There are 2 protein chains.
Amino acid sequence: MNISKRGLEIQASPIRKLKPFADKAKERGIQVYFINIGQPDIPTPHAVWEAFSRSGEEVLSYGPAQGFVELRRAIADYFKNYKIPIHEDNVIITIGGSEAIHFAFSVVADPGEEILVPEPFYTNYNGYAAFASVNIVPVPMTVETGFRLPPIDEIEAKITPKTKAILLCSPNNPTGTVYTQEELERIKGLIQKHDLFLISDEVYKEFVYDGIRHKSVLEFEGIKDRTIVIDSISKRFSCCGARIGAVITHNDKVYQSILKFAQARLCPPTMEQKAALAAYRMDPDYFSEIRKEYQKRRDVLFEGLKDIPGITIHKPQGAFYIIVRLPIKDSEHFVQWMLTDFSLDNQTVMVAPAQGFYSTPNKGRDEVRIAYVLKEEDLRRAIHVLKEGLKKYRSIF
Amino acid sequence: MNISKRGLEIQASPIRKLKPFADKAKERGIQVYFINIGQPDIPTPHAVWEAFSRSGEEVLSYGPAQGFVELRRAIADYFKNYKIPIHEDNVIITIGGSEAIHFAFSVVADPGEEILVPEPFYTNYNGYAAFASVNIVPVPMTVETGFRLPPIDEIEAKITPKTKAILLCSPNNPTGTVYTQEELERIKGLIQKHDLFLISDEVYKEFVYDGIRHKSVLEFEGIKDRTIVIDSISKRFSCCGARIGAVITHNDKVYQSILKFAQARLCPPTMEQKAALAAYRMDPDYFSEIRKEYQKRRDVLFEGLKDIPGITIHKPQGAFYIIVRLPIKDSEHFVQWMLTDFSLDNQTVMVAPAQGFYSTPNKGRDEVRIAYVLKEEDLRRAIHVLKEGLKKYRSIF
């Protein structure tokens with residue numbers, strides 16, 4: 001009676017592994033600034049909370065497997081605001097962007113097949129790959145080149161007969177990079193040449209700064225039937241706990257297969273879909289304030305970090321993350337030390353060791369990911385505490 | 001660019017396939033009695049609705065991957081009421097019983113490995129097996145023997161080196177059978193002898209009639225570390241749309257692996273967990289009324305059906321389903337015909353063709369599953385309409 005290989009091989013969340021040290025720091029009365037995970041502090045819109053209070057139903061019953069039509073229509077309308085024409089029947093509501101990833105992996109690949117992903121990448125791609133017994137093949141990027149996509153031949157060298165898809169995430173978690181039209185065209189060429197699917201994680205769509213416009217792969221001609229977009233309301237409306245996402249595809253076979261996966265799990269949560277609908281019905285102006293807020297935070301973080309002696313840093317254009325290389329050997333040790341051994345006026349900081357965002361062994365060990373999810377004043381203080389911690393750490397190790 | 005084998009092979013929900021015919025019947029002004037799916041009409045408890053209205057938080061944020069400790073504790077307490085001692089750390093909250101099934105399948109079996117399931121069985125086991133690339137091996141049962149478990153050698157004959165677990169569902173969906181202590185002991189022996197896991201779907205735990213006491217596999221000594229229980233609030237509290245379930249296990253390796261699967265999808269929906277907590281905090285007397293109501297319905301249905309000429313029927317002891325064999329050749333055709341060609345005083349009935357509950361080809365083609373999820377008066381009328389429909393159908397085909 002052994003548990004499955006996939007059950008053994010799936011990686012524990014590297015961030016959650018360190019959580020107990022943060023809890024213990026708090027128990028000792030130390031205030032911890034959490035800039036390790038993408039849990040924004042932006043209040044969830046009033047309309048969302050209100051939707052939970054209004055039900056009008058007597059029975060909290062199953063909804064359709066693909067999600068309520070009203071919500072699918074609202075998502076189609078939302079894309080129309082970006083001049084991206086999709087139909088409600090291109091949308092399947094998922095239980096968070098997480099389930100959208102799982103569906104996308106499972107529909108393009110069978111066990112043992114491969115999906116190419118520029119590295120570093122969102123940790124949970126690894127989790128879902130193990131869960132679905134699919135292999136992620138990393139395509140290395142570096143902080144020195146601002147985590148831009150590598151030249152075409154470096155990507156192409158990773159393609160094998162087992163490769164079924166390339167997965168892009170833009171704006172990128174964990175790097176904050178927003179891919180340019182040219183970079184996306186490069187991938188488009190490979191997708192067509194090698195007969196692949198393109199999975200595009202665009203959950204940070206709104207979070208682009210410096211006047212850059214985010215380009216969705218849904219806007220590309222010629223690969224419409226190859227494209228599977230992963231979407232989520234978690235960050236868009238500060239609704240992480242709602243677990244509502246979506247898969248968007250123009251490929252009817254993909255849609256029908258995902259629908260069957262969706263039928264197996266019956267439906268997404270009913271009340272959370274109503275809450276999501278309320279969020280989508282808000283004025284689109286909602287985002288401009290939030291975008292301004294995050295751009296300010298990005299600037300505060302970048303300016304605050306860039307002069308750290310020995311740091312390697314790039315300026316992110318989107319999402320709310322940055323990966324920086326620090327003059328340390330083992331970021332997991334550093335992050336843990338900050339929680340167990342350091343405090344400044346009773347405060348410390350938790351960042352994320354970057355190793356968890358790499359699948360190539362030993363990569364990212366001198367890097368950390370920082371999420372700028374705190375308001376300016378707290379963020380400034382967190383940066384100061386982090387810098388002082390780093391100084392002390394380097395004087396010891 | 002082909003979609004995956006699992007994406008092609010996963011079976012479309014046979015019930016949902018017929019749904020459009022029901023929709024068209026409704027469009028023609030015909031009232032359809034839906035006794036095809038397990039969507040109870042019992043009002044969702046007031047406490048659940050109230051929990052959705054009270055939030056007190058500003059940000060709808062992520063919760064822990066294993067679910068809120070308060071809810072896990074409430075579930076442990078609930079089991080204690082049944083004199084089954086489990087600890088909150090034996091519980092992982094899942095997104096519906098559905099996800100619990102998926103986690104259980106994935107933790108015991110790798111792609112290509114096998115799980116034995118007495119047949120007929122809940123359709124979505126098939127869906128999750130395809131999704132997880134695991135093979136379900138059916139162990140045939142029949143209506144003539146009341147869908148009791150077959151003799152030990154018939155079950156044992158199905159065990160191969162690829163077999164990793166036996167999956168039981170009691171009270172059973174779709175048969176309504178509640179396994180006896182002796183039947184469970186039989187399975188326990190096989191589990192031990194062949195070094196297997198026992199996955200036990202007990203989501204209908206409360207729905208047992210005639211004074212029978214449901215026996216949980218958690219009560220069995222000697223297989224504690226082999227047991228994985230699937231649980232859900234959907235039927236228990238008439239909260240199908242909440243999508244809150246649980247996995248319960250005393251095996252720490254199983255727990256840790258499932259926790260990693262759970263971490264990949266971040267967390268179950270936050271508000272729905274609060275609603276579930278409110279449900280668990282209700283007086284346990286809540287169930288006795290509901291049990292009485294369902295037992296009455298079961299009796300009405302059984303008495304109403306048993307005299308149909310040519311019917312083969314057994315009296316179910318639990319859940320709210322029955323599988324009956326009708327004097328017809330193709331129940332899918334019959335169910336569709338009832339929706340497209342028949343009505344009595346502008347009313348018709350939708351039942352579920354039983355084929356979807358079998359994985360053995362051609363089995364169940366002359367059977368239907370009926371869910372007694374309507375109140376007595378409606379159920380009586382539905383039975384009458386069904387009988388008249390069947391009479392007419394047999395006069396034509």
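**Close-up views of a predicted two-chain model**

**View 1. The contact between chain A and chain B.** In this predicted model, 66 residues of chain A are in contact with 66 residues of chain B. On the side of chain A that touches chain B, the elements that give two or more residues are helix H1 (5-9), helix H3 (46-53), helix H5 (96-108), helix H6 (123-131), helix H9 (252-264) and helix H10 (270-280) of chain A. The most comes from H9(A), which gives seven residues to this side. Sorted by kind, the residues on the side of chain A that touches chain B are 32 nonpolar, 20 polar and 14 charged.

**View 2. The axis that relates the two chains.**

**View 3. Two domains of chain A and the contact they share.** The domain assignment divides chain A into domain 1 (5-43 + 286-396) and domain 2 (59-280), and the centres of these domains, taken over C-alpha atoms, are separated by 26 Å. Their contact takes 36 residues from domain 1 of chain A and 34 residues from domain 2 of chain A. On the side of domain 1 that touches domain 2, the elements of chain A that give two or more residues are H1, helix H11 (286-305), strand E9 (321-325) and strand E12 (367-371), and H11(A) gives the most, with five residues.

**View 4. Ala104(B) in the largest nonpolar core.** The largest nonpolar core holds 254 residues, of which Ala104(A), Leu198(A), Ala104(B) and Leu198(B) touch the most other members. Apart from its neighbours within four places in sequence, Ala104(B) is in contact with Ile199(B), Ile228(B), Ile230(B) and Val247(B).

**View 5. The buried face of helix H12 in chain B.** Along helix H12 (residues 331-340) of chain B, the residues Ser331(B), Phe334(B), Val335(B), Met338(B) and Leu339(B) are buried. Seen down the axis of H12(B), these buried residues fall within an arc of 135°, so they line one face of the helix. The buried residues of H12(B) pack against helix H2 (14-27), strand E10 (347-350), strand E11 (352-353), strand E12 (367-371) and helix H13 (376-396) of chain B.

**View 6. Ser13(B) and its contacts in both chains.** Ser13(B) is placed in the loop between helix H1 (5-9) and H2 of chain B, and Ser13(B) is buried, with 22 other C-beta atoms within 10 Å. Not counting residues up to four places away in sequence, Ser13(B) touches Gln263(A) and Thr123(B).

**View 7. Backbone details in loops of the two chains.** Most residues other than glycine have a negative phi, and most peptide bonds are trans. The peptide bond from Asn173(A) to Pro174(A), however, is cis, with omega near 20°, and Pro174(A) is in the loop between strand E5 (163-169) and helix H8 (181-193) of chain A. Ala319(A), which is not glycine, has a positive phi near 55°; Ala319(A) lies in the loop between H11 and E9 of chain A and is buried, with 29 other C-beta atoms within 10 Å. Asn362(B) also has a positive phi, near 70°, but Asn362(B) counts as exposed, with 8 C-beta neighbours inside 10 Å.

Note on methods:
Residues numbered from 1 in each chain as written. Chains lettered and ligands numbered in written order. Predicted model: local features only at pLDDT ≥ 70, side-chain atom pairs only at ≥ 80, totals over all residues. Contact = placed C-beta atoms within 7 Å. Helix = DSSP H or I, 4+ residues; strand = E, 2+ residues; numbered from the N terminus. Nonpolar A, V, L, I, M, F, W, Y, C, P; charged D, E, K, R; others polar. Core = buried A, V, L, I, M, F, W, Y, C linked by C-beta atoms within 7 Å. Buried ≥ 20, exposed ≤ 12 C-beta atoms within 10 Å, placed from the backbone. Arc of directions from axis to C-beta. Domains from an automatic or database assignment.
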